[in-house]
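Please look through the sequence and the model before reading each solution.

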Amino acid sequence: MTETDLKPMIRSAKGKRPGFYDTPALDQMMSMIMVLAGEVSVLADQIDLIQRAAGATGLDLAGAMRDFVFDQAALEEREARRQAMLDRLFYLMRKEAAEAEASETSEVYTQVLDEIARG
Amino acid sequence: MLNTFQQAETAVLPKATLEEKARQEFAKSLKQFIQQGILPGLGPVYRTRAAKRFEKEAGREPVDRHDIRKAMVPDAYFQHYAAVNRISQELLWDGVIDSIDREGADLLARAKQASAANKGELRIDPAFQVPKYVSALDIHCMPGGYAGRDGESDLRLGALYDRGVFLYAMGYTGPDNDDMGRSVCDYILARLGGFRPKRILDMGCTVGHSTLPYKELFPEAEVWGIDVGGPQIAYAHARAGAMGLDVNFAQMNAEKTDFPDGHFDLVVSHILLHETSGKAMPRVFAECHRVLAPGGYMIHADLPPFDLMDPFTQFILDNETYYNNEPFWGAMRDLDQVKLARDAGFPADTIRFDTAPMAVMKFAAAEAAGYSQDAADSVADRDFVAGEFAPGGGWEVLIAHKPLDA
């Protein structure tokens with residue numbers, strides 16, 4: 001192989017992957033959860049490094065963060081961000097509640113399909 | 001124990017960005033957690049509910065590792081253990097591939113330069129036939145496999161192995177991944193009555209992790225590492241060069257090498273045997289006998305046979321067979337290795353199993369990054385626990401001697 005025609009590395013190992021759960025979707029869910037846990041760990045490592053790297057240059061970020069006093073605007077921004085995050089996390093429950101509110105059911109959906117098909 | 005073990009950098013090791021490094025560290029931490037935080041629960045889960053359920057359904061107690069497997073597979077605790085274990089394996093390779101793909105040609109250029117610094121020979125055989133036991137599945141779920149696809153000699157698969165195996169072993173085998181070779185070297189120096197090999201062959205050497213300590217401890221010796229994986233051999237040659245050692249590497253099959261009769265006085269392997277097959281293993285032993293000179297030693301460091309363990313321990317270890325692309329792992333442990341050595345021509349009274357104490361203490365003494373004395377002590381002092389990487393305290397070695405009058 002020359003250096004100019006480098007192909008991307010193979011990402012899938014040869015060999016049938018075993019399933020571990022009764023529902024195959026759970027295997028995929030668990031892998032996603034682990035990947036997400038990994039990303040959280042990556043972020044925590046980065047924040048830790050920011051503090052340490054700043055500390056090494058004489059900037060005590062860790063201390064400044066510990067002593068920081070949030071004003072009202074900052075408190076509100078942070079809480080709004082947390083609520084928005086939870087809203088995204090629970091978007092399917094939001095959808096379910098909205099469907100209940102609008103009395104949307106599978107039957108109604110199928111009925112719409114039929115009506116549109118007929119014109 | 002907090003595992004802070006760090007791999008030593010070389011010119012050929014893939015370089016990771018901060019994020020890639022953090023993902024790789026996470027995969028290692030996850031494996032450590034599984035070993036320390038989840039694995040210990042399997043015993044109680046088995047005893048208090050899985051075994052009972054099996055008895056109720058089968059009308060008898062579970063007797064062997066196959067029964068225990070049937071009892072455990074439906075249990076949610078075991079399912080999480082096995083699923084997360086597999087996922088950690090997939091994540092660790094993927095995290096290293098990110099670095100290799102991003103580095104691209106830079107890594108190849110560094111490897112080329114390092115390889116040029118190794119005065120030892122490099123033999124890659126373009127017509128080499130990779131045996132089925134290596135090509136059929138990607139061993140350890142390493143994407144691309146040790147030997148690559150269709151005889152490609154892309155040494156990036158060696159780079160993937162170098163970093164990936166350090167994470168897989170969670171650093172237990174030292175900053176240079178060489179604890180097995182180092183431990184066997186120490187064993188030779190301490191236990192084989194002044195034996196000083198002049199020509200050494202390391203079979204199934206992959207990237208030469210365990211090969212290099214032999215050159216370091218026996219600097220006058222001619223050292224050869226062979227492997228069926230062309231990418232591994234090419235990378236091994238470069239890695240040795242990067243570490244300032246002149247070691248020969250060749251793409252060869254341990255079942256039938258190109259070396260003349262009696263060429264070596266020491267033939268070793270490290271975790272090779274369980275990657276071969278029922279037909280290959282006797283041939284490997286026979287080949288060891290053929291290439292050994294009279295007075296020489298054969299030493300295989302692998303894991304002990306199943307008959308030395310209780311069924312639950314066997315079951316835990318056998319998970320590798322089913323979940324980590326290790327087709328021969330279980331079957332190999334059922335073989336009578338002493339008989340194989342005898343059949344290959346080694347006299348019965350020269351064949352024995354022994355333990356080579358781990359060299360991990362030395363990494364702490366040498367102040368290798370992340371290798372604290374506390375951590376080294378706890379690795380060296382622990383008891384054997386099935387499912388943990390590296391058995392407590394030492395490596396199992398099978399030793400046989402070819403008499404001087406052979």
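Helices (H or I, at least four residues) and strands (E, at least two) are DSSP runs, numbered from the N terminus. The model is predicted, and local features need pLDDT of at least 70, side-chain atom pairs count only at pLDDT 80 or more, while totals for chains, interfaces and linings use all residues. Residues are numbered from 1 along each chain as its sequence is written, and chains are lettered from A and ligands numbered from 1 in the order in which they are written.

**Exercise 1. Describe the make-up and dimensions of chain A.**

Step 1. Chain A holds 5 helices and 0 strands; its pattern along the sequence reads α-α-α-α-α.

Step 2. The C-alpha trace of chain A spans about 75 × 60 × 35 Å along its principal axes.

Step 3. A residue is buried if 20 or more other C-beta atoms lie within 10 Å of its own, exposed if 12 or fewer, and partly exposed in between, with C-beta atoms placed from the backbone. Of the 119 residues in chain A, 3% are buried.

**Exercise 2. Determine which helices of chain B supply the side that touches chain A.**

Step 1. Two residues are in contact if their C-beta atoms, placed from the backbone, lie within 7 Å. In these terms, 24 residues of chain A meet 33 residues of chain B.

Step 2. At least two residues each come from helices H1 (18-38), H4 (76-103), H5 (105-117), H7 (156-168) and H12 (311-323) of chain B. H4(B) gives the most, with 10 residues.

Step 3. Ala, Val, Leu, Ile, Met, Phe, Trp, Tyr, Cys and Pro count as nonpolar, Asp, Glu, Lys and Arg as charged, and the others, Gly among them, as polar. This side of chain B comprises 20 nonpolar, 5 polar and 8 charged residues.

**Exercise 3. Characterise the packing of H1(A) against H4(B).**

Step 1. Axes are lines fitted to C-alpha atoms, for helices over the stretch in contact, and angles run from 0 to 180 degrees between N-to-C directions. Helix H1 (residues 24-56) of chain A packs with H4(B) at an angle of about 55°, the axes being 10 Å apart.

Step 2. Angles under 35 degrees count as roughly parallel, over 145 as roughly antiparallel, 65 to 115 as roughly perpendicular and the rest as oblique. H1(A) and H4(B) are therefore oblique to each other.

Step 3. The contact involves A:Asp27, A:Met30, A:Ser31, A:Met34 and A:Gly38 of H1(A), together with B:Ala83, B:Val84, B:Ile87 and B:Leu91 of H4(B). These residues divide into 6 nonpolar, 2 polar and 1 charged.

**Exercise 4. Characterise the crossing of H1(A) and H1(B).**

Step 1. The two axes come within 9 Å and cross at roughly 125°, which makes H1(A) oblique to H1(B).

Step 2. H1(A) contributes residues including A:Gly38, A:Ser41 and A:Leu49, and H1(B) contributes residues including B:Leu18, B:Ala22 and B:Phe26. By class, this contact has 5 nonpolar, 3 polar and 3 charged residues.

**Exercise 5. Locate B:Arg102 and state how exposed it is.**

Step 1. B:Arg102 belongs to helix H4 of chain B.

Step 2. B:Arg102 counts as partly exposed because it has 14 C-beta neighbours inside 10 Å.
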